Amino acid sequence: MTADVVCGPDAAPVMLRINGVSRTVLVEPRHTLLEALRLDLGLTGAKEVCDHGQCGACTVLLDGRAVYACLTLAVAVEGQGVSTIEGIGGPGELHPVQRAFIEHDAFQCGYCTPGQIMSLVALLDRIPNPTEDEVRGAVAGNLCRCGAYPNIVRAGLAAAAAMRARSSTRSQRRLVRIPSPRGAGVRGRGAVPPHPNLPPPGGKEQSTSSPPPFAG
Ligand code: FES
Ligand code: FES
């Protein structure tokens, strides 16, 4: 279905890319993305609280942008990438933001938590080194009735630091090269001199009158 196709009033198939997997759901044009996720796809991580775009409990990512799923029509996001809390990490491997929420005790009842986490994931994808104000701004649209804000902000900053450390470790690993035994292709001070017991580069082993090492 494309934007210029008139659909309804009956349910119509809509293809959504949910957490990297293409899913087709039959939805009425009046149904929101939140309804499609929770009722049709069984993904209940995004919460329905106000259903009026006022609390942020339903926050998901649409092609990387944080949006209120309760204010987004499912038919309007056909073919777009939707990320939900279920797709960013699991019990076996938590997303750094999820882990930081646990480590910094950033929730009480937990009802706002999936939305808070998704807003922070969107922020950290855009700004890896945010200021405290930027973290506060990212969750300004997510209400926490339990008042866990100080720890939510701490968790956001800690997750940013953890993600930067992880990505710097990964780039260092990419930069490390293992030199060949003769130092071929390695320039400068790191070059490894040829090993005396190896044949010369590109040539046959030279005949020698002495026995090979370890022989006899
Ligand atoms: S449920 Fe969507 S903003 Fe409150
Ligand atoms: S932890 Fe209860 S509403 Fe935020």
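**Sheet architecture and nonpolar core of the predicted model**

An open sheet with mixed pairing is built from 5 strands in the order β2-β1-β5-β3-β4. Its edge strands, β2 (21-27) and β4 (65-68), each pair on one side only. From one strand to the next, the twist averages 40 degrees. The model described here is predicted. In total, the secondary structure of the protein amounts to 6 helices and 5 strands, and these follow one another along the sequence in the pattern β-β-α-β-β-β-α-α-α-α-α.

Strand β1 (residues 12-18) takes part in two pairings of the sheet. With β2, the pairing is antiparallel and extends over 7 bridges. Within this pairing, M15 has T24 of β2 as its bridge partner, and I18 is bridged to V21 of β2. The two strands form a hairpin with 2 residues between them. In the turn, N19 has a positive phi of about 50 degrees. The pairing of β1 with β5 (residues 81-83) is parallel and comprises 2 bridges. In β5, V82 stands opposite I18.

Helix α4 (residues 113-126) lies across β3 (59-62) and β4. Relative to β3, the helix runs at about 30 degrees. In soluble globular proteins, nonpolar side chains tend to be buried together. The largest nonpolar core holds 48 residues, among which L33, A46, A69, V97, M118, L120 and V121 touch the most other members. Helix α4 gives the most to this core, with 7 residues. At least three residues of the core come from each of domain 1 (12-87) and domain 2 (90-175).

One of the core residues that touch the most other members is A46. Leaving aside neighbours within four places in sequence, A46 is in contact with L34, L37, R38, C58, T59, V60, A69, T84, I85 and P114. Among these contacts, A69 is likewise listed with the core residues that touch the most other members. Over the protein, among contacts between residues at least 6 apart in sequence, 54% join residues at least 24 apart.

Methods. Residues numbered from 1 in each chain as written. Chains lettered and ligands numbered in written order. Predicted model: local features only at pLDDT ≥ 70, side-chain atom pairs only at ≥ 80, totals over all residues. Pairing = 2+ DSSP bridges. Helix = DSSP H or I, 4+ residues; strand = E, 2+ residues; numbered from the N terminus. Axes fitted to C-alpha atoms, helices over the stretch in contact; angles between N-to-C directions. Contact = placed C-beta atoms within 7 Å. Core = buried A, V, L, I, M, F, W, Y, C linked by C-beta atoms within 7 Å. Buried ≥ 20, exposed ≤ 12 C-beta atoms within 10 Å, placed from the backbone. Domains from an automatic or database assignment.
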